[in-house]
Amino acid sequence: MICKRCGRCCLHLDIFVVNPRSILPDGNMNKNDPEAMIHKPAGQMCPHFANKSGPEEKIATCTIHHLPCYRDTPCEKFEQIGPEDSLCLLSSYLDGRK
Ligand code: SF4
Ligand code: SF4
């Protein structure tokens, strides 16, 4: 799936994300923390979300995407059915949500 970097899923999905306090200096997750994953409810922006300003528009960025703690999270596993090079369909679906 090709991500259009709109950031809508980081706001509208009801999902579990890495607890910011559980990220160790080396980027790994503190597995001894029983609350290493926290619930991010639909309608609340993820604490790891940031907007980067591009030449013409803002580009949604996940600030932990490159870190080892991101591996195997629901966000990393998020995919859609279809060819790998198809554009994200969820973006348009979520477009009309408040
Ligand atoms: S809704 Fe789709 S296009 Fe938008 S940030 Fe999420 S994965 Fe990317
Ligand atoms: S962890 Fe990253 S990809 Fe997942 S919801 Fe948060 S900002 Fe979006």
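Strands β3 and β4 (residues 58-62) pair in the antiparallel sense over five bridges, where pairing requires that DSSP finds at least two bridges between two strands. The model is a predicted one, in which local features need pLDDT of at least 70 and side-chain atom pairs count only at pLDDT 80 or more, whereas totals for chains, interfaces and linings use all residues. Residues are numbered from 1 along each chain as its sequence is written, and chains are lettered from A and ligands numbered from 1 in the order in which they are written.

A hairpin of four residues joins β3 to β4. Within this pair, Asn51 stands opposite Ala60 of β4. A residue is termed buried if 20 or more other C-beta atoms lie within 10 Å of its own, exposed if 12 or fewer do, and partly exposed in between, with C-beta atoms placed from the backbone. In a regular strand the side chains alternate between the two faces of the sheet.

The protein as a whole contains three helices and four strands, which follow the order α-β-β-β-β-α-α from the N terminus. These elements are DSSP runs, numbered from the N terminus: helices are H or I of at least four residues, and strands are E of at least two. The C-alpha atoms fill a box of roughly 40 × 30 × 25 Å along the principal axes. Of the 98 residues, 12% are buried.

Two ligands are surrounded by residues of the protein. A residue is assigned to a shell if its C-beta atom, placed from the backbone, lies within 6 Å of the ligand. The shell around ligand 1 includes Cys3, Cys6, Cys9 and Cys88, together with Ala60, the residue that stands opposite Asn51. The elements that give two or more residues to this shell are α1 (8-12) and α3 (90-94), and α3 gives the most, with three residues. By class, the shell of ligand 1 holds seven nonpolar, two polar and three charged residues. Here Ala, Val, Leu, Ile, Met, Phe, Trp, Tyr, Cys and Pro count as nonpolar, Asp, Glu, Lys and Arg as charged, and the others, Gly among them, as polar.

Ligand 2 is surrounded by Cys10, Val17, Cys46, His48, Phe49, Cys62, Ile64 and Cys75. Its shell has seven nonpolar residues, one polar residue and no charged residues.

Pro20 is located in the loop between β1 (15-18) and β2 (37-40). This residue counts as partly exposed because it has 13 C-beta neighbours inside 10 Å. The C-alpha atoms of Pro20 and Ala36 are separated by 8.2 Å, although the two residues are 16 residues apart along the chain.
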